[in-house]
Amino acid sequence: MNSPQLKLRGVRKRYASVTALRGVDITLAPGGSLAILGPNGAGKSTLLRVMAGLAHPTAGRIEFAGGKHDRGQVGYLGHATLLYPELTARENLIFAGRLYGVNSPQARADQLLAEEGLGEVAERRVGGFSRGMAQRLSIARARVHSPKLLLLDEPFTGLDEPAAQRLTERLTTLSAEGHGLVLTTHEISRAARLARSAVILVDGTVQESIDSDAMSEAELRAAYARALEAAP
Amino acid sequence: MNVALAILWKDLVSEWRSRDRVVAMLIFSILMAVVFHFALPDQDPEALRALTPGLLWTAYLFAALLGLNRSFALELENDALGGLALAPGNRGWIFLGKAAANWVLISIVQVLTAGVFAVFYRVDLLPGLTGLASVVGLGTLGICAAGTLLAAMAVRTGFREVLLPVLLLPALFPILAGAVQGSMAAVAGRPVPFESLQLLFVIDGVYLIVAFLGFDYVLDE
Amino acid sequence: MKPGNETAPNPEADIPSPLEARMSRWRRPLGIVLGLLTIGYAWSVVSAPIDHTQGVIQKILYVHPPLAYGAYLGFVITGFAGMVFLGRGREDLDRLAIASAEVGVIFCTLMLVTGPIWARGTWGVWWSWDARLTVTLLLWFVYLAYLLLRGFGGRNPRTARFAAIYGVLGLVLIPLNYYVIEIFGSRSMHPENLKQGSLGDGMGLPFLLGNLALAGAFFYLLLLRWEVESQRAREDDQGSEARVGGPRAPKD
């Protein structure tokens, strides 16, 4: 089950007084993985929100397998956890599952809780969770409907090393199974390990892009440095 | 449809855990009953009884404003509203879920408030109860339809709580007119005029449609 | 404007848009006609006969009803322009909606001011909860709220969408309010309609000129305000191109 091809053409996004994206073209092949790198305020998060169907592009197109965008095929992890503090971890996942029309949300919730190592705190309210626990639950939430394409905005934030390790392994597996993967991160080494292609975003523009099956960390670092230099 | 039910369930469970919205609305409503006592001093009990439906609706209206504002304040924490917007399908169902939850919570408060007014102003609400309940139910549905849509907008502007009454009240005057006329008839033991119910039906329908279709644009970024 | 559709507005679209450019060419000729009309209008109002029963106050007739037409026209344009903006992403029509709401509110305010003056003179009270008066007051609140929403929300695409939805709500409120008044309303003191010849001798011409002049004023102000709005949008556009940054996503 490969993810559908994701295609962005001339995507622009203007907020009240800033232009966050100014004509972005990206194509993610079926089952591909992409790292979005760039300095703070480059528009990485906006780009992910556009891909998720949360933000509507001011101009340009976004296509799924040549057709319309479908929110049901996308799993999104943002800066905020998207969780309800009044509900327990399990209830949060069941609720998210029902939003996506998952067949048996209870079973899916239990499965994800076990995978994320949150089984023991399943019945605890999320309001009392640490940043790392909330982040893990949030990742589980993004995967609740088994989306073909995962969009992760800084997924390693708040995770301790073992948890980050586990996440890296899980993402590698998912990617090998044919899931599409798009992530933003500051850690170039992780990006090189997880993604087969990369774009470097500066001031809302793609400055450099790498698309080779064997993207090396050194190659990525070099591209990053070039992109920063080239930017005005 | 499932999305609407899921949101209804989620809102009711959250409210059951905290109970803050219902309690705040209820206390506010009781306070309103006391305010009216001081605002209308030395009234003949008979005259006051005739005024009760109008007073009751005044309390209902402002209590509803309070509850509607909170309804989306909760969704702003952790960008939960963004989480709802991610759900596939028509976003009108999200509106319906939120509106249904608001309707249930506000209705609970309204039943209790009616009891308080009945005691304070010595009005016997029981004979006209079915008529009163249908008018209140329909009127509140319209309030929740317009209120849920406008609260979702107001809460995302810089002025949050201030803006909702200004936006919502002008849209509620037709409901208020129909609901008060209907309630007065019910409390006086007369049958509820058909025009009242018809009017409330029409307004509910129109508001539900506008809000269902408009909610997509509200949630877009 | 669902994500992924093809009708996304184009920021490269010219400001002013072709429609705006075409419309603004009409403003100057309209202004000249308006100037001439105003002179004739003023003369005809002064020379119109004084009403036997109401006295000089009756001359409010020559401004009051035409103001009402302008107010309602403004609100209807706001609603429809907002709808097209939502459906097709036409930002120029969003700017028209702002202009139209503001001009409509001005006309409505003047109507609500002239009404009580006339009412005091003929009915003996400043304010009566007369059916049409009440409805108009309610609508005035709706569009005042519309402008507040615009003002509080700031100049950005999201506020424009919110305002457009609110404008549509205002549009459906016009018939709803009249429906309420028809069911429960008090007897109206307003004449139901002005039949041919219901105006006294010599009152027809100033009334006609009043309608024309105020309609001209409405459209002149509308075009002027629309131009200002499009000018501002152009400046905003240039400003935002110069700035970069991510979203304030979580706080939104």
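Contact here means heavy atoms within 4.5 Å. With that in hand, let's walk through this predicted model, one selection at a time.

**Stop 1: chain A on its own**

Select chain A and hide the rest. Seven helices and nine strands make up its secondary structure. Its radius of gyration is 17 Å, close to the 17 Å that the globule rule gives for 232 residues, so chain A is as compact as a globular protein of that length. Along the principal axes, the C-alpha atoms fill a box of roughly 50 × 35 × 35 Å. Colour by accessibility and you will find that 61% of the 232 residues count as buried.

**Stop 2: from chain A to chain C**

Bring chain C back and select A:R14 together with C:E91. Here the side chains form a salt bridge of 3.6 Å, N to O. The pair crosses between chains, running from strand β1 (residues 6-14) of chain A to helix α4 of chain C. Which of the two partners is buried, and which is partly exposed? A:R14 is buried, with a relative accessible area of 12%, while C:E91 counts as partly exposed at 29% relative accessibility.

Stay on helix α4 (residues 91-122) of chain C and move along to C:D94. What does C:D94 touch, leaving aside residues up to four places away in sequence? Its contacts are C:F85, C:R150 and C:A160. C:D94 has a relative accessible area of 10%, and with the cut-off for buried at under 20%, C:D94 is buried.

**Stop 3: where chain B meets chain A**

Show chains A and B. Select the residues in contact across the interface: 26 from chain B and 27 from chain A. The area buried between these chains is about 2,600 Å², and carbon and sulfur atoms give 57% of that. On the chain B side, highlight B:R17, B:L86 and B:E221, the residues that lose the most area to chain A; together they account for 31% of what that side buries.

Next, look for charge pairing. The interface holds two salt bridges. One of interest joins the side chains of B:R17 and A:E91, at 2.7 Å from N to O. There are also 12 residue pairs in polar contact between chains B and A, counting pairs with both residues at pLDDT 80 or more. On chain B, α1 (2-18) and α4 (80-86) each supply at least two residues to the side that touches chain A. The largest share, 10 residues, comes from α1(B). Coloured by class, this side shows 12 nonpolar, six polar and eight charged residues.

B:D11 lies in helix α1 and B:K98 in helix α5 (residues 92-120) of chain B, 87 residues apart. Both residues are buried.

**Stop 4: where chain B meets chain C**

Now 32 residues of chain B are in contact with 28 of chain C. The two chains bury about 3,100 Å² between them, with 75% of it on carbon and sulfur atoms. B:M153, B:R156 and B:Y217 supply 20% of the area that chain B buries here, more than any other three residues.

How many salt bridges cross between chain B and chain C? The count is zero. α8(B) gives the most, with 13 residues. By class, this side has 20 nonpolar, six polar and six charged residues.

**Last stop: salt bridges overall**

Finally, show every chain and display salt bridges throughout. The count over all chains comes to 30.

Notes
Residues numbered from 1 in each chain as written. Chains lettered and ligands numbered in written order. Predicted model: local features only at pLDDT ≥ 70, side-chain atom pairs only at ≥ 80, totals over all residues. Heavy atoms only, no water. Buried area = accessible area lost by both parts, 1.4 Å probe. Salt bridge = Lys/Arg side-chain N within 4 Å of Asp/Glu carboxyl O. Polar contact = N/O pair within 3.5 Å; in protein donor to acceptor, adjacent residues only side chain to side chain. Helix = DSSP H or I, 4+ residues; strand = E, 2+ residues; numbered from the N terminus. Nonpolar A, V, L, I, M, F, W, Y, C, P; charged D, E, K, R; others polar. Rg over C-alpha atoms; globule rule 2.2 N^0.38 Å. Buried < 20%, exposed > 50% of the residue type's maximum accessible area, 1.4 Å probe, protein only.
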